[in-house]
Structure formats: structure tokens, C-alpha cells
Protein chains: 6
Amino acid sequence: MHTQLSQQTREILTQVSTATLTTQLFKRGLRNVCLRGVKRLTRGGPNMVGPAFTVRNLPAREDLDQLSVFENPDHPQRKSIELMPEGFVMVVECRGETDAASGGHILMTRLELRGASGFVSDGGVRDSASIAQQDMPVFCAGPAAPLNLARHHAVDFDIPVACGGVAVYPGDVMAGDADGVVVIPRYLADEVAADAARQEQFEVFVLELVRSGRPLAGTYPPNADTLAEYETWKAGQEAVGA
Amino acid sequence: MHTQLSQQTREILTQVSTATLTTQLFKRGLRNVCLRGVKRLTRGGPNMVGPAFTVRNLPAREDLDQLSVFENPDHPQRKSIELMPEGFVMVVECRGETDAASGGHILMTRLELRGASGFVSDGGVRDSASIAQQDMPVFCAGPAAPLNLARHHAVDFDIPVACGGVAVYPGDVMAGDADGVVVIPRYLADEVAADAARQEQFEVFVLELVRSGRPLAGTYPPNADTLAEYETWKAGQEAVGA
Amino acid sequence: MHTQLSQQTREILTQVSTATLTTQLFKRGLRNVCLRGVKRLTRGGPNMVGPAFTVRNLPAREDLDQLSVFENPDHPQRKSIELMPEGFVMVVECRGETDAASGGHILMTRLELRGASGFVSDGGVRDSASIAQQDMPVFCAGPAAPLNLARHHAVDFDIPVACGGVAVYPGDVMAGDADGVVVIPRYLADEVAADAARQEQFEVFVLELVRSGRPLAGTYPPNADTLAEYETWKAGQEAVGA
Amino acid sequence: MHTQLSQQTREILTQVSTATLTTQLFKRGLRNVCLRGVKRLTRGGPNMVGPAFTVRNLPAREDLDQLSVFENPDHPQRKSIELMPEGFVMVVECRGETDAASGGHILMTRLELRGASGFVSDGGVRDSASIAQQDMPVFCAGPAAPLNLARHHAVDFDIPVACGGVAVYPGDVMAGDADGVVVIPRYLADEVAADAARQEQFEVFVLELVRSGRPLAGTYPPNADTLAEYETWKAGQEAVGA
Amino acid sequence: MHTQLSQQTREILTQVSTATLTTQLFKRGLRNVCLRGVKRLTRGGPNMVGPAFTVRNLPAREDLDQLSVFENPDHPQRKSIELMPEGFVMVVECRGETDAASGGHILMTRLELRGASGFVSDGGVRDSASIAQQDMPVFCAGPAAPLNLARHHAVDFDIPVACGGVAVYPGDVMAGDADGVVVIPRYLADEVAADAARQEQFEVFVLELVRSGRPLAGTYPPNADTLAEYETWKAGQEAVGA
Amino acid sequence: MHTQLSQQTREILTQVSTATLTTQLFKRGLRNVCLRGVKRLTRGGPNMVGPAFTVRNLPAREDLDQLSVFENPDHPQRKSIELMPEGFVMVVECRGETDAASGGHILMTRLELRGASGFVSDGGVRDSASIAQQDMPVFCAGPAAPLNLARHHAVDFDIPVACGGVAVYPGDVMAGDADGVVVIPRYLADEVAADAARQEQFEVFVLELVRSGRPLAGTYPPNADTLAEYETWKAGQEAVGA
């Protein structure tokens, strides 16, 4: 279950946009792949890419969810951070509750130190100003001061979860950029990455045409003439090693 | 985990209202015990009472959630129905999605035949007109024609779930009436039932006073005089075997 | 502030629909007069009519809102019930929170006994099955088992409130039927009632025409011919004492 | 565009449930076919069936949407009622705004008189108590006293609309029962009806089996034995002319 | 319908704030003029101003809304971009669905090249990081990776639309700044612009007074003394050619 | 009621995060202390700290809420600004309505000049680009061009209010940073501040450990060894005068 991404697929996915990925998944009949209500908190840098390592939260219950629970070294919120394989993205189910944190600066620092490729939650995070400065990409519903126990009971990890209204199975590939976070079913990751790279190369060409004044009809999508032109352009690109 | 309720507690809980139960749980520091957005579909009859047997749904994914999944005899939606112990209440996590069904008439008929004490979902049900005629109490978000696969992927059962924004652990006691559905943590069921019965006996007395014209002050809550009066009334009630 | 409605206006308002009242208020430039999310719980009988007597709730705070607060005979929820003048309608601000009760059967029984013309809340009520049997009209967001303290802190009464997204000033006239609850500014009550009665008389006539097969054009709204016909019809109605 | 439904398809659709219809549409890749937030207001009787005749509302603007607009005999709300072909279902886009009416008793009476097969709106209706007594099926978001002008500007009719989050094209077939309203693309109506009838016949058989104590596995969905049993049962049914 | 704005009105509207414009429209009885849920994506620069050129989207239907639709050169999303007159603002109805894009970087680039004054949608946009760098002002519900077909079916353009809960008629004047987007009915544009300029000149003066320590009473709104002072100030301003 | 904060408590609260404050309040049984839907508009600088001075808004009514109301020097919106004691934070109840302003640049300028420690509203603000440049911290639901009268009727001030779903009593201590705004009941302010300072000192130490590679177990929360280590560290810190 904790198979790593191939280096090639990881590299491609770091380059292509989530917009392109949703198009590729749409072509394969998948319409519900982008987490709703989940935005990038950290700024700049390359895209987030990595297989999902999941955490599931239930609603809190006052008698169970007191600060003393963290004294248990097996508490799922803490244990999951220590067990997540390097290069993975932690994905936390918060049932879309935006008014409590799914983590704060200390936990995010530990996660980054352990080599995480990112953190995704459909709940909030606290210490958001500090976290926004981290290198590790963090995507969430927004800042929220209250501690997780005010709303959440971490109950399990490394199992299928719902996040932002989308199913995330352990090992699915998470990709994130300024447009949000997309889930790619694991078995599709390599082919989707390859097709996405091709699509983006073509769109670089189309953007050039559009900037030169071409109308959309015949250009985007392309007619036969534009496609022929593209083949020439592509050959030229490859000749110069682009 | 599948311990039955004591007969005495079940009998009391069938008599007392969910309103009373929330008051008893509030006294014990539990404020989030009543499922939000979950209403009774079936009409009349005694309250629903039984330990929870849970089912968890993820968001559907188009490639996984096709009609053929039901050919698998281990599909969690179907298997859970066959495995639930008699006298339990099935509690289904639908993430509050109201626009698809968590079950229809055939499944509810099978459930009733298997001796279920009720069905609770924070999603919809289909064939709602037929289900509304069943004896087994059904609580849900309302009618919804679309089949579960349009929204849901049944992923597991007999594990903790979120339903209507409240945590439900297997074996917790579910109680339902016209006001909705309340979850009683298993370890509190007996004492909460006993105290609820006492509270309701007192409220029968208070209602008599109020109907006779007594003002609220001193009556509800009672002052020392009213409490003394209640002791007399209670003795009278017991004398006549009420 | 606690002036009663004139008997004539009360009688008219008991006959006319809230639909007609919104049209009359719309003619006077008032578009936000109907409480959102507030439905009739009680069934049958004439419309609810009466001047507003208001109660305001804040969000609850755990240290302040314990069951012991009701031992204070001046607690606003209880005191307001004892002080409301006969014939008034209690209007309770619950900030649209639907998951806790603004009252239960004992309080509603006392309110009815004190001669209230109705109860309106944009929160829930508990013991809803019992309350639904009362003669006093009750309008609310729906059933909700949890006691008010789980969400609310009654802080004041007989002051302007927001209910269902609409401003209600003490003494404003509340009118309710199967379509919901409408607020009529006190100073407009007599003239709105008179115009509403005229409008409904005309609509009885129009409905007769429509049932006889007349098309909408020229009938609803009426052209000069239809208006002339109406005058004749009205004279006939008055002749037979209708 | 105003082609009538075949008599056979209309008859079948009057018998089968919207639950069955969503399953048939799901098999054909259509997952978003059931109007969200739209409930039956009228009670009892057969299902609603008919091709869609649409009306589109924009948000109201205070300077344009005064009562005088109805003096225009070409006002789209009124004109559409007079022009809708017999046997059609009026479908009104209200952008899911539930706090104003898309029509009242007089308009619904005229619509019924003109032979409408039903009325569907994702907004409210006023005079809901009277409309609930009509024979013509009415589906809407619920009762709402305020007149349409408080929220809506009827701008066009007989064009594609959005209703309850679903696209409705003129002539699409609307089917409604206690579970809600389903849209069948016109070109699929005959085949979906035929398959739905077959599905429901099979489910009658399955329900008999389940009532006799059969477990779900092998029965629902059926294995080869159950299918063979069904063929025998069906032959028997046909022999007795059921 | 495609009349351009007068140069003078365009210049004024580029200077005044949307806050001022809502005040001017409020004075004329228009309370619902500012698009809800629509924020500026692009940063800096002068305000967006231009007449509306509209596009309408329906909910997508899986059989109709496949990627091949764009091969049709008359597809409304693409055709509308090519036909919009220079200086106009494209306004797209997305029914407030925030989880899919109404356009991406290539389309926005083409739109800017065609001389558009801006783009407004109550849905999302994709490639948001690139679009945020464009000079052409873009206002939307936020970033959203999924392509439009995941949610939308572009059905028509240059007709009245609903955007952000507000009616937009073709040719209405759109004005946008950091506070959002306001719609000015075309026939009011010149007079509202003129009055807005006067209001803002006065508010510059008031701000000076407030910064010098004046209390609000008598200053904002002004009493007779303040108004006299303003006349003097204004004369001074004009003397120095401000 | 208008007692100032002690200088020591104000200084501590300016240093500690709202995240820490919610933890301290959670320890004391207070779970609902952080305003929902309220974000910082102004950037940078120290935290907002000050006792609450409140303003309450009702829904607007068209006949009452015209621009002329501001000619009344006792209008609560204006008068409250002039009467608020220095060092306080204005807290405005807008019932969570985000589509109108609770104030604009002129009012915020006056408030800052009067020595306010901040402004908090669960509604919008207009002139948001100018306000974002002010030194005085402003927290709100976001930018909103429409004037307050489009939605609100300022009815009273210096009374308990609801803001962002949380009760705020006059004199309660408001604290705000990038994570949002927290309310500290007045009677707890000193002890919560003291404990928060201790908690943050410990977390500085923990962050150092985590950055040095320590796992969470035994560190956060600390076991006996870590606690001992902390005592040593703290002594060191104090020795160097940190």
C-alpha cells in the first residue's frame, strides 16, 4: 500500500497544473476529483505531489476528547505523523468542519522534518501565519484557532477517507497548486501524468498562437491545420532541446 | 461489542422522550448528542431504541461505483444488513448528503425481517412512501430517489461513524421519537435511563400543576414546597399502582 | 407598547392569508416581511394573529448556561412567559439555529393557559408531538430534542429582535398560516388589514371566473370589463349578506 | 418541440417509481437527474408524468418588478400558463430561492383547467394549503407567502432551464412521486420506461422472496438460480394475466 | 444593445468606489446590486468598468457535455468570446457553483487581446495563478481546477442572466474594485456616475475633517456649518485646479 | 463595565496566539470561543487586544432604514463610535450577513483616532482596500460594498451580542491574530493570560526539540524526562534574561 511514486511520474506531476489533471481525469469519466473548500495556505514553490497517507476524524465527544488523550503515545493524530512514509502527503478527513484546527505549527514542523511531501485537510489549521512560511505545502479550509479536540476525535489512519467531498484511498496520488488539490487514483497516475505532460506542451503552443492574435475557432481545440502546425512547432522545440 | 441492552433499560428508553434524554446527557456534560438533519419518516408507534450497528460511506467514484458492485456478496451495504444482531439499530454515515438514498424498500424489508430495532441515516431513503408504512422506525434526512451509488461507496461497517454531526460508536444506544434521534454512550445507558424515568415522572406532576394554573416560578423548576407536594403526589401514584 | 389590536383588525387578519398580507406590504415598499425557515407545527384552526412580545437569545456559554439558571425566578425565558399580555404572540430570536429547542411542552402549556395567541421561533421546539396537538398556534424551524441551554442564553425580552431574518419590534402584528409567518409594522396594521380584506374579496371573484374557464389576460389582473363585472358581483354578494 | 409523449410511455411512467428511473438513468451514465430541494406538496394519486414546458426567472430588480408588470398581457409568468400544451408539466427555474412563491392558488387553478400534468418549481408556492388539495401534482421547495416579484423576474419560457440543480430542456420528460422529481432526456424516455417496467416487475418478485425470508446474497442482485426462479414466476404471472 | 459607455461616464466610474455606487443606487431604491460571492482575483490597477456582455450556463449533463463539444465552432463559451464588443465586461452565470471553472488562462488571454474591460463569474476560474497576473480585471468565486464541463453547459449569450444573486441585463454597467462588483442599470449609469463623483469629492473633505479630529456628529452627515465649510473648501480645491 | 485591562494582561495577550488562548479556554470547559467566519483584513503588526464594546444590528426594514437616519446624532452606529472608551475593541453583531458593510473608511478612521484597539464584525466592511492599510486591526467577514442600511438597522450598543456564533458580553476580552478572533470572559482574562504565557514558553522549547529531530511521543506532550529537560532549559533562558 505504501508504494512510492515512480520518479518520472512525480517529476511530471510537479510540473503540470491541477487544471490539466482534472481534464485528463474527466476524459476517463472521473468528474469528482478536486477537493471542495480546500485552498493552499503556503505560498510559492513547485506543486505538491505525493501518495496519500490518510487520517480520519470523528466528531468530538466531551467525555472522550480531553487534553489528556495526547498522553497516549498511540493517539492516531500523533502516531500517524510518526508512521507516514517519506514523500507521502498526509490527508485528513475533518468532515468539512472549518472552525477547528487539524494541526498546528509543531505538528507541521515534525511532519516536514519527517520528509512529508505535503499536508491536506478539509478542516482548518492553527498557527497559520507560521505554517504559511514552511516549505512543505499545506492545503486546508483556512486558519482556525481552536484545537482539534474542540471538534474532532482522531479515530484511525491509513484507511480510505472523505476529504473535501472526494474519496481518497491510501496511495492515491495527491497533486496541489494554486487552483487546489486533485486526487488521482493510484492505478491511473502514470498514464494521467504522461497525457497531462502532452496536453500542457500543446497548450504552450496554443497560448503562443492566441497571444499572436489567433481566434479560438480552429485553434482551441485545434483543427487539422493547427495540428499540423503544432507538429512542426514541436519538432522545432525538440530540436533546440526544450 | 454486540452486547444487548438490558430489558429494563430498553423498556424505559421506549417510554421516555429524546428531549428528556438530551437533558440527562447535558447534565453529564454532553452537549452534542442529537443528530442534526435527521427526521422520523415512519409514523406512530413507540420510540425507537437499540444499540448502534454502523455502516460507513465514502463519496462515490465513477470507476468504482457501478451497479455490478452488488454482485459481490461481501459488499458492505448488503453484508452489514445480514450480519447485524437482532434488536440493533443500523446507523449509516452519509456525510449529510441528502440527495441520494442510503437504502430502499427491499433493504428495509429485509432489515425489519431480521429483527432490527430501527434504521438511521443522515442521507436520504428511496421508496419513501412504502418505507413510511413499515413498523420498523426509520429516521433519515428525507426522501431521495437516486440510488446510493450516485453519491456513496459503502466502505466498512461496525466501526465508529459520524452521523448528523455526532459521533456514534458501535453499541452506543440510539433513541428516536418525533423530536429526532439521540445517541447515549453505552456506559451511560442504564443510569441515564433511570434518571430520565425519574425526570419524566416529575414532569407529569408539573404538567398537572401548570394545567391547574400554577405559574412557572416555584413550579418549574420546583421550590421546596413544590418538591414536598411532589413527594405526596408520588406516594399517591404509587399507592394506586400507576 | 403593549397596546392591543383593535377587535376589527384582529378579526380581519384571522381571515386573510399571509400571501395576501405580503402583497399589501410589497405595495408599500416592504419586501422582507416573511420569516425564513419558520413553519407551522400545529395543524388546522384559524390563522394566528397577535401583537409581538419578544425574547432574545444569545449563543450559550458553558460556564453561564447550566441547568441551575432556571432556579432564578427572573430568568428571561421563564419571566417573559409570565409577563406577556394576553392575546400577544411570543416571538423568540434563536439566530436561526435549528438544532436546539426554544421551548417544550410545559412552557407551551403555560403560555396557552396565559392566553397567548401564538408562539413563533426561528429555532426548534422539543416535545413536538405533544405541542402539535395544542390549540395555540406554534411556528418554528422544526422539532429539536436538545434543551435551549445547549445553544441559547435567554438575555432579554420585550425589545426589538431578529427572527427568521426579519426585524420584529415589540407590538408589530404577527400573522401566521400554512404559508408561514408575516410581520406587519404596527402603524400599518389597520390599513393593511382593510386592504387585504378587499383584495381577498376580489380574488374570490377571480377564482370563480378562472374556474369557469376565463383566461388570465384581462382577468388577473382585471381589465375595465372585469372590474365592472366585479362591481356587479360585489353588489350581488352584499345583497345576499355574504 | 412540443411533441407529446406516446400513450404507452406515459402509462408506464405513471406506474414506475422515480427511484427505479434514477437507476435506469444511472446505468446510462446519468447521475444528476433528480431535482434537489424539490418535494411533493399535493398528496396521493398516481405519479406525475409529462413533457417539460419551462419558465425562467431572474432575480428581481426593484425598479422593474412592481405589481403593474402583470398588466402586460405578455408577462412571461402569465403568458406561459396560457400557452403550455395540454399534458405538459410546467417547470420553473427559481435559482433555488425558497423564500418567495413561484405561483399561488389562482394560477395553479388555471393551469389545472388548461390540462397541465403538473407543476414543478425549485422555489416556493403560496396559498399552499389550497394548492395541496388540487388534483394536479405540484412539487416545490415548500410553502412561501411572498409574491414572486419579491424575488423573481419572469424573463422567458420554453427554453432550457436549471431547476433544483439539474438541466431541464423543453420536452424532457418529468416524472414525480413521493421521492421527488426526475428528469428523463426526451430521446431516452421510451427505452427508459420499458426497462423501468421490467426492473419493477423483477423487484416485485424479489420483494416476495425477501418477505419469505430469503437473505440478500443471491437474491438482490440475483444469482443464476434466482433468475431461473424469476423466469418461472414471471411465466406464472403472465399466465394469470397479472 | 451594444452601445458603448460615454467616455466621461467611463472615466468617472474608473475613479469612484463600488461602495459609493451602492449608496447612489440605494438612494434610487435599488438594494440588490452587488454580486454575492464574487471577489477580485487580479491585483492592483484601476477599477473595472464596462457594459455587460453575458453568458449563461446550465448544469452539465453527462451525455451532452463531453470534451468534443468544443469542436463545434459555435459553442457558446467560445463564440461569445469572439463576438463580445471591445470595452465590454463578460459576465458569466454559473448559478453560484464554486467548484468548477468558468474559464482558464487561454480563454482569458484571448479575451484580453480582444479588448475586454473585464471578466466576471459567480463560478471559479482555473489557472488562477497565471490569470492573477493579467492586466484585465477578473472577478470570480475563487480558484477551481475542474473544467467547466464538469458542472456547466454554456447554453446562450447576450441575454439577461443572474450572477451572484443579482440580475444583469446586457448593456448594464459593471463596476468592480477590491470591495466587489456592482451592476448599474444602463439608464442610470450617467446620473449615478455624476452623483458618485460629487459624493466622493465631499467624502475627501470629510476624511480630512475626521483626520483633524472632528467628531462624527455634524460632520458625517454634515450639518449646515459643515456644508458651508465644504463649499469654501471646494472653491479652494477648484481654484488650485484639483 | 468599562474597566480597562491591566497593563500586564494586555501585554501578555499581545504576545500569545489565539491558538494558545483557545487551548487555555478549552481546559476551562469553554469550547465555543472563536468567532466563525471572521478574518483579519489588516496585515502585520502585533495582535489585537482589548475589552469589547458592542453594537447590535437588526435586519433592515425599508421604511425605517433610509439614509436620513444618520441625521439623527443619536444613531447607534455613529454614537457608539463616539462613546467607546479608549483601548476597547468595537464588536458588531451583523447576524453573519456577509453581503453588506458594517462600516467604511471614514468610520474606521474616526475609530482609530479615538484610540480604539480594534474593530470586529461578523459582517463585511466597505472601502476595504483603504481600511486594510490602517494600523488599527480590523477583523470581518470580508469586503462588501453595500452600505449597512441595505441589510442592517443599528439598534443598540454596550449590551451583550452574538458575533460569529459566539456570545460577547461588554468588557469580555477580545484577542485577534492571523488565526481569527477569540473571546475571553472578563473574569478569566488575567489567569488565562498567565497560563497562556507559560504554555507558549514551553512550546518554544518543544519546537526547538522537534526541530532537532525529536519524535512527538514523549515530547509533545512531554514525559517526565522532557519536563525535567524543560526545567533546565527554562533556568538557562532566565539566566540569560530571555
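This is a predicted model: local features need pLDDT of at least 70, side-chain atom pairs count only at pLDDT 80 or more; totals for chains, interfaces and linings use all residues.
Mentor: Residues are numbered from 1 along each chain as its sequence is written, while chains are lettered from A and ligands numbered from 1 in the order in which they are written.

Trainee: What makes up chain A in helices and strands?

Mentor: Seven helices and twelve strands. Helices (H or I, at least four residues) and strands (E, at least two) are DSSP runs, numbered from the N terminus. The C-alpha trace of chain A spans about 70 × 35 × 30 Å along its principal axes.

Trainee: Why is B:Phe139 called buried?

Mentor: Count C-beta atoms, placed from the backbone. A residue is buried if 20 or more others lie within 10 Å of its own, exposed if 12 or fewer, and partly exposed in between. B:Phe139 has 26 other C-beta atoms within 10 Å, so B:Phe139 is buried. Its place is in strand S6 (residues 138–140) of chain B. In chain A, 54% of the 242 residues count as buried.

Trainee: Which residues is B:Phe139 in contact with, leaving aside neighbours within four places in sequence?

Mentor: They are B:Val38, B:Lys39, B:Arg40, B:Leu41, B:Val120, B:Gly176 and B:Val181. Contact means that the C-beta atoms of two residues, placed from the backbone, lie within 7 Å. C-alpha distance can be given too: B:Phe139 and B:Ser121 are 18 residues apart along the chain, and their C-alpha atoms are separated by 6.4 Å.

Trainee: What share of the contacts in chain A with a separation of 6 or more joins residues 24 or more positions apart?

Mentor: Such residues account for 77% of those contacts.

Trainee: What makes a set of residues a nonpolar core?

Mentor: The members must be buried Ala, Val, Leu, Ile, Met, Phe, Trp, Tyr and Cys residues, joined through C-beta atoms within 7 Å. The largest such core has 221 residues, and B:Met90, C:Met90 and D:Met90 touch the most other members. Another core, of 219 residues, lies apart from it, with A:Val181, A:Leu216, E:Ala196 and F:Val120 among them. Take C:Met90: beyond its neighbours within four places in sequence, its contacts are C:Phe53, C:Val55, C:Met84, C:Leu111, C:Ala116, C:Phe119 and C:Val120. In soluble globular proteins, nonpolar side chains tend to be buried together.

Trainee: How do you know that the buried residues of H1(D) line one face of the helix?

Mentor: Start with the residues. In helix H1 (residues 7–15) of chain D, D:Thr9, D:Ile12 and D:Leu13 are buried. Seen down the axis of H1(D), the buried residues fall within an arc of 95°, so they line one face. The arc is that of the directions from the helix axis to the C-beta atoms. Their cover includes strand S2 (48–59), strand S11 (173–177) and helix H6 (189–211) of chain D.

Trainee: Where are the domains of chain A?

Mentor: Domain 1 is 7–187 and domain 2 is 192–239. These bounds come from an automatic or database domain assignment. The C-alpha centres of the two domains of chain A lie 35 Å apart. Ten residues of domain 1 of chain A are in contact with seven of domain 2 of chain A. On the domain 1 side, H2(A) gives the most, with five residues.

Trainee: How many residues of chain A are in contact with chain E?

Mentor: 25 residues of chain A meet 24 residues of chain E. H2(A) gives the most to the chain A side, with six residues. By class, that side has 13 nonpolar, six polar and six charged residues. Ala, Val, Leu, Ile, Met, Phe, Trp, Tyr, Cys and Pro count as nonpolar, Asp, Glu, Lys and Arg as charged, and the others, Gly among them, as polar.

Trainee: What is found between chain A and chain D?

Mentor: No contact joins them, and their closest C-alpha atoms lie 9 Å apart. Chain C and chain E do not touch either, with nearest C-alpha atoms 9 Å apart.
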